[in-house]
Amino acid sequence: MGTHSLVSALTEFEREMIEIRHDIHRHPEVGFEETRTAALVAERLRGWGLDVTEGVASTGVVATLKGKLPGQRAIGLRADLDALHIQEVPGRDYGSTVPGKMHACGHDGHTTMLLGAARYLVENPNFGGTVNFIFQPAEEGLGGGKRMVEEGLFERFPSDAVYGMHNAPGLPVGQFVTRTGPFMAASDTWMATFRGTGGHGGAGAHLATDATLSMAHFVLAIQTIVSRNVAAIDTAVVSVGSVRGGDPGSPNIIPSEIVVTGTARSYTPAIRDLIQKRLTDLAHAQAAAFGCSAEVHYDRRYPPLVNHAEQTAVAVAAASALVGADKVNPAAPMVTGSEDFSFMLEVRPGGMIMIGNGVAPDGSFHNVHTPGYDFNDSILTLGAAYWVQLVQTELGSAREAA
Ligand SMILES: [Zn+2]
Ligand SMILES: [Zn+2]
């Protein structure tokens with residue numbers, strides 16, 4: 001593979017990007033606590049001459065850059081700032097200095113790649129219109145992307161389209177994957193509470209209504225949601241994560257309350273609605289069957305990540321320009337992970353792409369959210385070049401004139 005000129009140009013910033021990435025990696029901060037990281041990002045951006053707004057959705061940062069060519073369109077490029085509650089493997093010279101926290105999803109790399117692109121575009125503003133560099137807080141479970149949208153991100157920083165990028169462990173360096181339509185799963189959690197009279201399990205069993213029995217039938221019944229309610233060509237996951245009730249020290253007592261919790265993943269709003277409805281109906285029906293009652297809390301956390309066709313084509317074109325079309329899969333399988341970039345895609349057209357984080361010669365790799373994971377420094381220039389290429393594809397003179 002010949003090195004694309006843009007990737008070569010970004011190599012000028014490689015040492016600086018590695019230094020920034022390691023700095024952020026040493027000082028991981030979890031969701032809505034990214035004060036140091038946000039300050040570092042804002043300071044760099046200001047130093048390069050961008051217009052910077054801090055405190056967007058608490059610890060988020062947004063920087064704006066106008067191109068030197070004529071043009072009215074605007075796009076948002078999004079990275080994420082937060083780390084995870086995971087203890088990193090020892091031995092890295094730039095390893096986490098915070099016990100129990102680490103950048104195990106590569107958000108240190110995502111932030112750095114977007115910074116590298118911002119720096120390049122300040123010096124080479126060969127585009128028309130506006131680029132909004134969005135550094136969002138709290139991607140990992142706390143919905144920082146949702147909060148940014150709710151707090152008026154796109155009213156304050158108008159964007160005709162928005163783009164995201166995540167690293168993919170196991171995908172070779174130099175490759176990209178994406179797909180139009182549903183790409184990543186909706187991630188929901190639920191809790192069902194079964195209540196009966198309870199009673200003495202020996203002498204009084206015939207007088208009790210048994211919440212445990214209702215729960216047991218419910219756990220079996222929800223297996224039919226995927227096998228009998230979701231069509232074979234669609235897909236979903238419903239799993240039980242915990243069951244709590246009774247007292248191990250009192251095996252002769254029928255408890256009056258049992259709580260069962262679980263998760264559900266789906267890829268379309270319709271199947272998401274179906275799972276919530278069937279799960280709730282089955283809880284009430286199985287409770288009623290045994291004289292008990294049920295209460296269900298279904299918590300809609302992250303919606304499915306749905307890529308828009310036009311912007312996904314732009315993302316594929318940008319990646320292909322850098323690495324060649326044979327290294328970009330535009331119809332990749334759906335991923336069971338979830339992402340709160342989905343909240344931004346609910347209100348603006350856009351596309352999420354995945355960049356290969358690499359794979360060892362023996363085929364092994366450390367997946368995200370594991371102690372051995374690390375962002376691959378060797379893709380920093382390619383990732384930054386992707387952002388620059390995307391800006392040129394979206395806001396370049398050719399498109400503006402078209
Ligand atoms: Zn993650
Ligand atoms: Zn992530």
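This report walks through the zinc sites, a set of paired strands and some salt bridges of the model above.

The model is predicted, so local features need pLDDT of at least 70 and side-chain atom pairs count only at pLDDT 80 or more, while totals for chains, interfaces and linings use all residues. Residues are numbered from 1 along each chain as its sequence is written, chains are lettered from A and ligands numbered from 1 in the order in which they are written, and side-chain values use heavy atoms, with hydrogens and water left out.

**Zinc sites**

Let's start with the metals. Donors here are N, O and S atoms within 2.8 Å of the metal (3.2 Å for Na, K and Ca); water is not among the atoms, so sites may look incomplete.

| Zinc ion | Protein donors | Distances | Spacing in sequence |
|---|---|---|---|
| ligand 1 | Cys105 (SG), Glu140 (OE), Glu140 (OE), His369 (NE2) | 2.0 to 2.7 Å | C-x34-E-x228-H |
| ligand 2 | Cys105 (SG), His107 (NE2), His166 (NE2) | 2.1 to 2.4 Å | C-x1-H-x58-H |

Cys105 coordinates both zinc ions, which sit 3.2 Å apart. At 6% relative accessibility Cys105 is buried (under 20% relative accessible area; exposed is over 50%, partly exposed in between, with a 1.4 Å probe and protein chains only). His107 is buried too, at 0%.

Around the zinc ion (ligand 1), the four donor atoms subtend angles of 53 to 152 degrees, so the arrangement is irregular. Four donors count as tetrahedral if all angles lie between 85 and 135 degrees; four count as square planar and six as octahedral if opposite donors are over 155 degrees apart and all others between 65 and 115; anything else is irregular.

**Paired strands**

Strands (E, at least two residues) and helices (H or I, at least four) are DSSP runs, numbered from the N terminus. Two strands pair if DSSP finds at least two bridges between them. Strand S12 (residues 257–266) runs antiparallel to strand S8 (residues 186–195), with 10 bridges joining them; here Ala192 stands opposite Val260. S12 also pairs in the antiparallel sense with strand S10 (residues 236–245), over nine bridges, and Gly245 faces Ile258 there.

**Salt bridges**

The structure holds 25 salt bridges, each a side-chain nitrogen of Lys or Arg within 4 Å of a carboxyl oxygen of Asp or Glu. One of them joins Arg73 and Glu394, with the closest N and O atoms 2.8 Å apart. This pair links strand S3 to helix H12 (residues 380–395), 321 residues apart. Arg73 is partly exposed at 21%, whereas Glu394 is buried at 1%.

Arg78 forms salt bridges with Asp80 (3.7 Å, N to O) and with Glu339 (2.8 Å). Both Glu339 and Arg78 are buried.
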